[in-house]
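Let us walk through this structure together, one step at a time. Have the sequence and the 3D view ready as you read.

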Amino acid sequence: MDDLVQRFLNGERRALARIISRVENETPEGREYLRALFPHSGKTHTIGITGGAGSGKSTLTGALAAEYRRRGKTVGIAAVDPSSPFTHGAILGDRIRMQDLALDPGVFVRSMAGRGALGGLAPAIDEVVSIMDAFGFDYVVIETVGAGQDEVEIAGTALTTILVNNPGTGDDIQALKAGIIEIADILVVNKADHPGADVLVSQLQALLSLAPKGSRRPPILKTTATRGEGMDALADAIAAHRVELETTGQLEKHRAEDARHQVLSIARAILLEKIRQATPEHELQALVDRVAARQLDPHSAAEELAAAVEQSEPRAIKRRV
Amino acid sequence: MTAPTATKIRVLIAKPGLDGHDRGAKVVARALRDGGCEVIYTGIRQTPEMIAEAALQEDVDVVGLSILSGAHLELFPRVVAELKKRGVDDVLLFCGGIIPDEDTKPLEDLGFSAIFRPGTNTQDIVKFVYEHVTK
Ligand code: B12
Ligand SMILES: Nc1nc2c(ncn2[C@@H]2O[C@H](COP(=O)(O)OP(=O)(O)O)[C@@H](O)[C@H]2O)c(=O)[nH]1
Ligand SMILES: [Mg+2]
């Protein structure tokens with residue numbers, strides 16, 4: 001490996017940027033960097049910002065980061081925008097809302113394309129967050145795509161998940177009923193300068209009061225991200241949540257679950273790759289054709305593929321001996 | 001068009017200075033997106049420092065400057081200097097907008113590999129990027 005790791009550990013931002021690219025592209029080289037730097041991670045507090053498109057996630061992320069800078073803390077930001085399902089290209093525009101931090105040496109903003117991942121994140125988000133963590137940022141903020149009501153993945157990745165709502169949109173309450181509210185550690189009513197903010201706060205309170213007795217009630221905070229209003233209270237609420245995670249043992253539990261999730265999902269990818277390699281493309285196509293022609297059921301076909309791996313493995317070992 | 005997870009060409013499209021003409025920059029950003037690139041668009045009113053810092057943090061392969069105000073000979077050298085200062089010395093640089101023919105030479109000398117003027121077919125821009133960036 002080149003001197004990038006050393007430069008990274010010396011705090012050089014260009015080295016950080018380069019390593020993120022290699023990790024994001026999931027190259028073998030990227031995995032080497034991750035291996036070298038992973039031991040340095042585990043110190044940051046990760047914050048997820050989710051909510052509908054246009055709800056103010058990027059603006060809020062920028063305003064929150066500015067609040068952390070006032071408190072003398074450093075912040076890494078990973079902002080995800082969607083990739084086109086047709087061309088696989090993307091326009092990443094979250095930086096537009098984070099201009100005030102553009103030249104702050106204590107802030108690093110990285111735009112990421114969703115690259116087809118489900119759940120509002122990017123395929124390599126965990127790895128990129130680990131790299132930012134290893135760089136030594138006090139906080140790493142992850143902004144999700146914000147496409148829909150099923151963006152629950154973020155709660156597994158971030159220690160504190162913030163759900164952004166807006167007054168006067170009506171469909172918010174629908175989204176909340178759909179279940180996303182359950183992943184929120186903190187609820188934010190952003191655009192509090194618009195009419196209806198207090199109404200939304202009481203609607204949210206009413207909704208939360210329906211939750212089973214003894215379950216956690218996330219705090220509800222009003223913010224006007226464009227003016228930086230409410231950021232002090234938001235940073236305090238995040239700090240309080242951190243303390244709560246530590247004192248209830250949830251922190252360890254969250255980390256263990258996240259580790260399990262990461263290991264299993266990587267293992268799944270490795271196995272799939274092995275399956276693809278054990279069966280030549282024309283054999284795979286033939287198998288798939290039989291399923292399409294209803295001559296074989298999908299389950300049996302998949303088992304055939306998996307069996308091919310088991311057959312090819314011992315051969316590979318023998319060859320090496 | 002490339003596979004969803006394949007290594008993507010990353011492009012920064014930036015508008016330096018007080019120039020508010022952003023149609024061209026947006027059209028170019030969209031064309032590159034449709035060509036399969038990941039395009040970081042930072043909006044109008046960017047200082048040379050902001051552009052260079054964004055190029056560094058986003059680790060882009062290409063930096064494209066759009067300008068219609070006539071201030072290119074004043075602003076572009078400063079962008080190039082800020083990029084150099086940060087060690088961002090291996091990006092493909094190009095630009096477009098209202099740029100008189102006689103300014104072609106000084107911009108080429110600065111390191112701009114192409115200048116696209118009004119009326120350019122955006123497909124030519126996409127083609128240029130794919131021909132000059134190898135990933
Ligand atoms: C539309 C327009 C406006 C709109 C802008 C709307 C907007 N949000 O963009 C409005 C009405 C707001 C406007 C205002 C002004 N305008 Co005006 N405007 C134009 C006009 C008619 C068309 C520009 C345009 O949108 N073209 C369409 C886009 C798609 O084309 P494009 O930008 O050229 O981009 C193409 C290529 O150049 C290239 N390209 C561009 N950028 C990039 C970047 C990269 C990386 C690449 C690869 C390629 C590339 O690819 C694109 C696709 O082909 C031009 C005249 C002209 N014919 O260009 C004047 C023009 C640019 N304006 C001019 C002026 C003077 C002004 C004002 C100062 C007028 C005033 N006195 O108030 C203000 C300034 C506003 C400001 N804040 O900066 C002058 C500039 C003169 C100069 N440079 O010496 C022009 C040239 C008119 C003229 N002949 O005098 N304007
Ligand atoms: N009035 C008002 N507008 C806001 C506020 N926060 C964000 N916005 C605006 O809402 C729009 C979308 O914001 P953005 O941060 O890009 O939302 P995202 O898509 O969720 O990331 C922008 O025009 C912002 O300026 C706020 O608190 N009040
Ligand atoms: Mg956003």
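This is a predicted model: local features need pLDDT of at least 70, side-chain atom pairs count only at pLDDT 80 or more; totals for chains, interfaces and linings use all residues.

Start where the two chains meet: between chain A and chain B there are 20 residue pairs in polar contact, counting pairs with both residues at pLDDT 80 or more. On the side of chain A that touches chain B, at least two residues come from each of α2 (13-24), β3 (90-92) and β4 (107-113). Sorted by class, the residues on that side of chain A are twelve nonpolar, nine polar and seven charged.

Charged partners also meet across the two chains, with a count of eight salt bridges between chain A and chain B. You can look for one of them at Arg95(A) and Glu58(B), where the closest N and O atoms are 2.7 Å apart.

How many residues of each chain are in contact? The answer is 28 residues of chain A and 35 residues of chain B. The size of an interface is often given as the accessible area lost when the parts come together. Here chains A and B bury about 2,800 Å² between them, and 49% of that lies on carbon and sulfur atoms. Of the area that chain A buries against chain B, 24% is supplied by Arg14(A), His88(A) and Arg115(A), more than by any other three residues.

Now turn to the inside of chain A. Helix α4 (residues 57-70) and helix α9 (residues 231-247) of chain A have axes that come within 9 Å and cross at roughly 80°, so α4(A) is roughly perpendicular to α9(A). Among the residues making this contact are Leu60(A) and Leu64(A) of α4(A), and Leu234(A) and Ile238(A) of α9(A). By class, the contact has eight nonpolar, no polar and two charged residues.

Definitions and conventions. Residues are numbered from 1 along each chain as its sequence is written. Chains are lettered from A and ligands numbered from 1 in the order in which they are written. Side-chain values use heavy atoms; hydrogens and water are left out. Axes are lines fitted to C-alpha atoms, for helices over the stretch in contact, and angles run from 0 to 180 degrees between N-to-C directions. Helices (H or I, at least four residues) and strands (E, at least two) are DSSP runs, numbered from the N terminus. Angles under 35 degrees count as roughly parallel, over 145 as roughly antiparallel, 65 to 115 as roughly perpendicular and the rest as oblique. Contact means heavy atoms within 4.5 Å. Ala, Val, Leu, Ile, Met, Phe, Trp, Tyr, Cys and Pro count as nonpolar, Asp, Glu, Lys and Arg as charged, and the others, Gly among them, as polar. Buried area is the accessible area (1.4 Å probe) that two parts lose on being put together, summed over both. A salt bridge is a side-chain nitrogen of Lys or Arg within 4 Å of a carboxyl oxygen of Asp or Glu. A polar contact is a pair of N or O atoms within 3.5 Å; within protein, one must be able to donate a hydrogen and the other to accept it, and residues adjacent in sequence count only if both atoms are side-chain atoms.
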